[in-house]
Amino acid sequence: MNHIQEAELACAKLLNQFATLNDAGYYEDMAALFAEDGRFASPLVPDTFITGRRAITLFFEERRKETISRHLLSNIVIDVIDEKSAKGSAYALLILGVPENGAKLGIKANSSKFVGDYIVEFKKKHEGWKIAQLTTQAVLTT
């Protein structure tokens, strides 16, 4: 495997880990995917970046804890710029539910679904590839 393929794989994995750790509520682990000075912009406040791992952790910890979420990512595209930087994008489908809406086969999802774009910049640091900036944009909603 060459360095371009390794970078593409590592960066795509970061996106999938971001979604999985976010859904699991492991916000410190999720924030550790970012560079120390990494930046995140939520579709709720798209013009405001949250900067730094601690601030990103706190932002996610303040959200409603009763909500169950699943981020489903697709169309992940990673473009390696050089040996230390890459950029990428993905489509994200967000499905939410509340535990009291239990059903036989799991928690009943809310009727609202959100489809958005992830726009990402990656940097290779001494500890490996990290998210330098992740912007999430809402595109469609039901």
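Me: How much space lies in the largest pocket?

Reply: Begin with the general idea: rolling a probe the size of a water molecule over the atoms shows where empty space is left. Here about 750 Å³ of space lies in the largest pocket. A pocket is an open set of points on a 1 Å grid over the protein atoms alone, where a 1.4 Å probe fits, with protein on both sides within 12 Å along at least five of seven lines; lining residues have an atom within 4 Å of a point. Grid points are joined across faces, edges and corners, and the volume is the space filled by probe spheres set on the points.

Me: What should I know about the model and its numbering first?

Reply: This is a predicted model, in which local features need pLDDT of at least 70 and side-chain atom pairs count only at pLDDT 80 or more, while totals for chains, interfaces and linings use all residues. Residues are numbered from 1 along each chain as its sequence is written, and side-chain values use heavy atoms, with hydrogens and water left out.

Me: Which residues are closest to the centre of the largest pocket?

Reply: Leu44, Arg63, His71, Leu94 and Leu96, out of 34 lining residues. Helices H1 (3-24) and H3 (53-61) each give two or more residues to the lining, as do strands S3 (68-82), S4 (85-103), S5 (106-125) and S6 (128-141). These elements are DSSP runs numbered from the N terminus: helices are H or I with at least four residues, strands are E with at least two. S5 gives the largest share, 6 residues.

Me: How do the lining residues divide by type?

Reply: Into 19 nonpolar, 10 polar and 5 charged. Nonpolar covers Ala, Val, Leu, Ile, Met, Phe, Trp, Tyr, Cys and Pro; charged covers Asp, Glu, Lys and Arg; the others, Gly among them, are polar.

Me: Next, salt bridges. How many does a search of the whole structure find?

Reply: Side chains of opposite charge can pair when their charged atoms come close. The search finds 2 salt bridges. The criterion is a side-chain nitrogen of Lys or Arg within 4 Å of a carboxyl oxygen of Asp or Glu. Arginine 53 forms one with glutamate 36, with the closest N and O atoms 2.9 Å apart. Arginine 53 lies in helix H3 and glutamate 36 in strand S1 (residues 34-41), so the pair ties together parts 17 residues apart in sequence.

Me: Where does the other salt bridge go?

Reply: It joins the side chains of arginine 53 and glutamate 127, at 3.3 Å from N to O. Glutamate 127 sits in the loop between S5 and S6, 74 residues from arginine 53 in helix H3. Shared partners join Glu36, Arg53 and Glu127 into one network.

Me: Are these glutamates buried or exposed?

Reply: Glutamate 36 is exposed, at 55% relative accessible area. Glutamate 127 is partly exposed, at 40%. Buried means under 20%, exposed over 50%, and partly exposed in between (1.4 Å probe, protein chains only).

Me: On to strands. In what sense do S1 and S6 pair, parallel or antiparallel?

Reply: Two strands pair if DSSP finds at least two bridges between them. S1 and S6 pair in the parallel sense over 4 bridges. Phenylalanine 34 stands opposite isoleucine 131 in S6, and phenylalanine 40 has leucine 134 in S6 as bridge partner. S1 also runs antiparallel to strand S2 (residues 50-51), joined by 2 bridges. There, phenylalanine 40 faces isoleucine 50.

Me: How many bridges join S5 to S6?

Reply: 12 bridges, and the strands run antiparallel. They form a hairpin with 2 residues between them. Glycine 116 has alanine 138 in S6 as bridge partner.

Me: What polar contact does the side chain of glutamine 133 make?

Reply: A contact of 2.9 Å with the side chain of arginine 39. A polar contact is a pair of N or O atoms within 3.5 Å; within protein, one must be able to donate a hydrogen and the other to accept it, and residues adjacent in sequence count only if both atoms are side-chain atoms. Glutamine 133 lies in strand S6 and is buried, at 17% relative accessible area.
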